[in-house]
Amino acid sequence: MRQFRKKLSLKNLKRSFSRENSFGEEGPDAHFSPSDESLDSSPFSPTGSEPSLVTDATNNNHGHVRRMKSEGDNLAGRSKHKVKVSTDFGKRRALSLQEKTCSPFGKLETYKKLCLLGEGSYAKVYKATNKVNGGLVALKEIRLQTDEGTPFTAIREASLLKDLKHVNIVCLHDIIHTKSNLTFVFEFVQTDLSTYLEKNPGGLNPHNVKLFLFQLLRGLAYCHRRKVLHRDLKPQNLLISEQGELKLADFGLARAKSVPSQTYSNEVVTLWYRPPDVLLGSKDYSWQLDIWGVGCIFLEMLWGHPVFPGVKNHKDQLQKIFMLLGTPTEEDWPGVENLTEYKETVTRTHRPRPISDVIPKISEIPGAEKFASQLLQMNPRKRISADLAMKHEYFSDLPDAIHHLPDASSIFILPEIKIASEHRWIV
Ligand SMILES: Nc1ncnc2c1ncn2[C@@H]1O[C@H](COP(=O)(O)OP(=O)(O)O)[C@@H](O)[C@H]1O
Ligand SMILES: [Mg+2]
């Protein structure tokens, strides 16, 4: 771990990160230039002992990208922000060569690729085995373009994840740096929520929805306490283990200054999980951004369909939201009319509808509708925090001990907590 810290706190990198404010701002002018195969040997501890099943990459028929072709959800302007580490390489290389002789980590040959799990705009994710201990891992391979250095999203993802140690956040085991790629070695997790939803159409078992949601909030509360926003919550970025553990993944946007509309390769980033304040032009967002995403994911798990599947642009996305939750007014959201996009976007008035109009089964689940509306408050100031959300009456049938678990303990260590069969629910 000490080595990892050393690697990611290189002088230039440190300088650029120290410019970031508490909830993050990018601004690197440093560059990270690969100049040798496996430049850094890895600092990590043994990994990849989780047993698992092979996960099929299947089509997602409700509008998400496929797991195999995960949404290219990253930074506009990625090419502008490359990190080049030009200092200390000689010394570090000598050190790492020494380490390389005795450590299997930081080396590509330690891992054997099995199959492709997902492909985004700048990364491919493979299922692989660790040849040393036989365990399964996921390799997130980030292409490096000659001269351009390392995509800053990748550095951000690594530097954040090294400090986020929580059972509901995917664990980064190792980093391998070669001339052409930067590879993150993650614990392998059986599937993602998008694939899980697709395999269980028509909505999930409400008991499982509650357990997934609680774990999502648990991972998020941990991030928010550390002033880290995820910024890109969506089913594809939530991994689900065989046991039903949910893990936040893909922290590539977690320190971006703004929420981009296009990726590095000009693909459109999904707006479905983006809150109305950000769509209306507000730059003054914080943890409330992620909470809106939680609300959307909650309803999607219950219903089986994305709740606000905007198809065209920001305006269209806002219309989808207003049609369910009503057009925002100065009365319930003071200042909304001053937001830059308000005048152009809010052209007609919609009255709010009960969520149960669209998702009737929500009214059969005690506390669920009220809870959803607290997550999906249009006015960000009224949105409930992750910490408070975990205490909501909707979760009151979960054992009290669930609130006192150490960060490293899964909710499934509690004997009362078990994932239910989705199959039985559908039949
Ligand atoms: N640790 C993992 N275990 C298993 N599958 C993973 C893991 N990490 C990512 N994946 C799969 O790969 C996809 C893309 O990974 P992600 O980190 O979201 O990359 P991108 O930045 O390209 O979206 C995910 O949607 C998921 O299906
Ligand atoms: Mg992703």
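In this predicted model, the contact between helices H8 and H12 brings Ile291, Trp292, Val294, Gly295, Phe298 and Leu299 of H8 against Ala368, Phe371, Ala372 and Leu375 of H12, where contact means heavy atoms within 4.5 Å. Helices here (H or I, at least four residues) and strands (E, at least two) are DSSP runs numbered from the N terminus. Helix H8 covers residues 288–303, and it packs with H12 at an angle of about 145 degrees, the axes lying 8 Å apart; the axes are lines fitted to C-alpha atoms, for helices over the stretch in contact, and the angles run from 0 to 180 degrees between N-to-C directions. The contact residues divide into 9 nonpolar, 1 polar and no charged, given that Ala, Val, Leu, Ile, Met, Phe, Trp, Tyr, Cys and Pro count as nonpolar, Asp, Glu, Lys and Arg as charged, and the others, Gly among them, as polar.

As to conventions, the model is predicted, so that local features need pLDDT of at least 70 and side-chain atom pairs count only at pLDDT 80 or more, while totals for chains, interfaces and linings use all residues. Residues are numbered from 1 along each chain as its sequence is written, chains are lettered from A and ligands numbered from 1 in the order in which they are written, and side-chain values use heavy atoms, with hydrogens and water left out.

Leu376 is found in the loop between H12 and H13, and it touches Trp292, Gly295, Cys296, Leu299, Phe308 and Leu325, not counting residues up to four places away in sequence. At 3% relative accessibility, Leu376 counts as buried, a term that means under 20% relative accessible area, with exposed over 50% and partly exposed in between (1.4 Å probe, protein chains only).

The aromatic residues come next. The structure holds 10 aromatic pairs, a pair being rings of Phe, Tyr and Trp (its six-membered ring) whose centres lie within 6.5 Å, with planes under 30 degrees apart counted as stacked, over 60 as edge-to-face and the rest as tilted. One of them joins Phe214 and Phe395 edge-to-face, at 5.2 Å centre to centre and 80 degrees between the planes; this pair links distant parts of the chain, since Phe214 belongs to helix H6 (residues 206–225) and Phe395 to the loop between H13 and H14, 181 residues apart. Phe214 is buried at 1% relative accessibility, and Phe395 is buried with a relative accessible area of 2%. Phe395 also forms an edge-to-face pair with Phe371, at 5.4 Å centre to centre and 75 degrees between the planes, and here the two residues, Phe371 in helix H12 (residues 368–375) and Phe395 in the loop, are 24 residues apart. Ring pairs link Phe214, Phe298, Phe371, Tyr394 and Phe395 into a cluster. The charged end of Lys210 sits over the ring of Tyr394, 4.5 Å from its centre, which requires NZ of Lys or CZ of Arg within 6 Å of the ring centre and within 35 degrees of the ring normal.

Elsewhere, the magnesium ion (ligand 2) is coordinated by Asn237 (OD1) and Asp250 (OD), at 2.1 to 2.2 Å. Donors are N, O and S atoms within 2.8 Å of the metal (3.2 Å for Na, K and Ca), and because water is not among the atoms, sites may look incomplete. Asn237 lies in the loop between H6 and strand E9 and Asp250 in the loop between strand E10 and helix H7, so the pair ties together parts that are 13 residues apart in sequence. Asn237 counts as buried at 5% relative accessibility, and Asp250 is buried with a relative accessible area of 11%.
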